[in-house]
Amino acid sequence: MNFQDKLDMLVRRHDELRDAMARPDTGNEFARISKEFSDLTPIVEKVGDLHRAAEELRTLKTLLADPECDGEMKQMAEEEIRVLDKQIPELNRQVQLALLPKDEADEKNAIIEVRAGTGGEEAGLFAAELFRMYQRYAENMNWKFEIVSMADTGIGGCKEATATITGRGVFAKLKFESGVHRVQRVPATETGGRIHTSAATVAVLPEAEEVDIVIHDKDLRIDVFRASGPGGQSVNTTDSAVRIVHLPTGVTVQQQDEKSQHKNKEKAMKILRSRIYEMERSRLEAERSASRKGQVGSGDRSERIRTYNFPQGRVTDHRINLTLYKIDAVMDGSALNEMIDQLVSHDQAERLTELNEV
C-alpha cells in the first residue's frame, strides 16, 4: 500500500465513523467510535490541507499553461506556486508525523532515577549535578519536580536520587535521557591538574497508574526495618523503612525518606509499578523496532549516551553525533532542550523512514 492509499483509507474510515456516530443504534460502541473519530480528526484535517494545496497548485499550473493568461495574472500565479512549492513538502511531513504510531507513555509523567557510577566521590558529585540539571530543566518547562528520595555522600554529592516530574508531555521529552552520562574534568581534590573520567546512570520511567499495570499482593514480599542514615546513624527509632520485592520479576524498591511506614510504602509502590510498566513497555518496543537500524537509543542504562567535557566546554551526545559548546547552559537546564529536541527529531526521522518502507 503506497502513501496515498493510506491517506485515502484514513479519510474513508473517518467518514464511516462520522456516519456511525450519527446513527441512533450505536449503543455501547459510541464511546469507542467517538474516541477513534477524535483521534483521526487532526490527521484527516492535515490530509485535507495537503489535498487542497496540491489541487491549488495544479490549478495554478494549468492557468500558467493557458496562452490567454495575461502577464500580471501569470506573475501572481508564479508567486503563489513558489509559496506552495515550499508549503506542500512541509504539509506532507506533518501528515507523515501524524501517521506515526503513538507511544502511549509519551503523555505520562515521569520518574527519574540518577545513580553515581564509576569514579568514586567525583561520580557522586556529578550525579548530584545531573539531578539538579533535570530539576532546573523541569522548572524551565513549568513542570513540577518532587524529590522522592536522595542518598547523599556528605560532601555535596549523591549515591542515588529519585524524583517524580509532573507536567504536559514529560516522558516524551525525557525518555531519551536514560543511559550512562560520562563526565571529563579536573576534580576539585586533584592537585596535579589531571583530567578524570567518571560516570552516572540515568533511568527515566513513565509513571504508571494502577490501571496501567496490575500487581497482585501475592506477588510481593514486603520487608520493614529501621531507617538509617550515612554511616549507620539512626534516622528514627521505628520500623518505617520499606523494601518491596516483586517476586515474578525480581524488581526491588527500597524507600526510607519518610518517617511514616505508610508513606514509604506508597512511594515504593509508585516506583515499583513504574519500573515493571517500563520493563513491559521496553520489551514491546524492542519487538516493534527490531528491524530499525538507527534507533536513538534503547533506554538501557548501561548504554553510554553522552559525554560532558568541562575543560573543552562541550557536551556531546554520541547517538546523534551532536556537540554543543555551551556546557554551563546545559548544566543549568537552559540549553538542555536544544539537545532533547534534536533527539526527538532524529527519532521521528527514523520512524518516518520505517513508515515509508512499509
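This briefing covers a helix pair, a sheet and the cysteines of one structure. The model is predicted: local features need pLDDT of at least 70, side-chain atom pairs count only at pLDDT 80 or more, and totals for chains, interfaces and linings use all residues. Residues are numbered from 1 along each chain as its sequence is written, and side-chain values use heavy atoms, without hydrogens and water. Helices (H or I, at least four residues) and strands (E, at least two) are DSSP runs, numbered from the N terminus.

**Helix pair**
- Helix α1 (residues 3-22) packs against helix α3 (residues 71-99) at about 65°, with axes 12 Å apart.
- Axes are lines fitted to C-alpha atoms, for helices over the stretch in contact, and angles run from 0 to 180 degrees between N-to-C directions.
- α1 and α3 are therefore roughly perpendicular (65 to 115 degrees).
- Phe-3, Leu-7 and Leu-10 in α1 meet Asn-92, Val-95, Gln-96 and Leu-99 in α3 (contact means heavy atoms within 4.5 Å).

**Sheet**
- Three strands form an open, antiparallel sheet in the order β6-β7-β8; strands pair if DSSP finds at least two bridges between them.
- β6 (220-225) and β8 (251-255) are the edges, each with a single partner strand, so one side of each lacks a neighbour in the sheet.
- The twist averages 15° from one strand to the next.
- β7 (residues 241-246) pairs with β8 over 5 bridges.
- Val-245 stands opposite Thr-252 in β8.

**Cysteines**
- The disulfide count is 0 (a disulfide is a pair of cysteine sulfur atoms within 2.5 Å).
- Cys-69 is buried at 11% relative accessible area, and Cys-158 is buried at 1%.
- Buried means under 20% relative accessible area (1.4 Å probe, protein chains only).

Notes: Buried < 20%, exposed > 50% of the residue type's maximum accessible area, 1.4 Å probe, protein only. Parallel < 35°, antiparallel > 145°, perpendicular 65-115°, else oblique.
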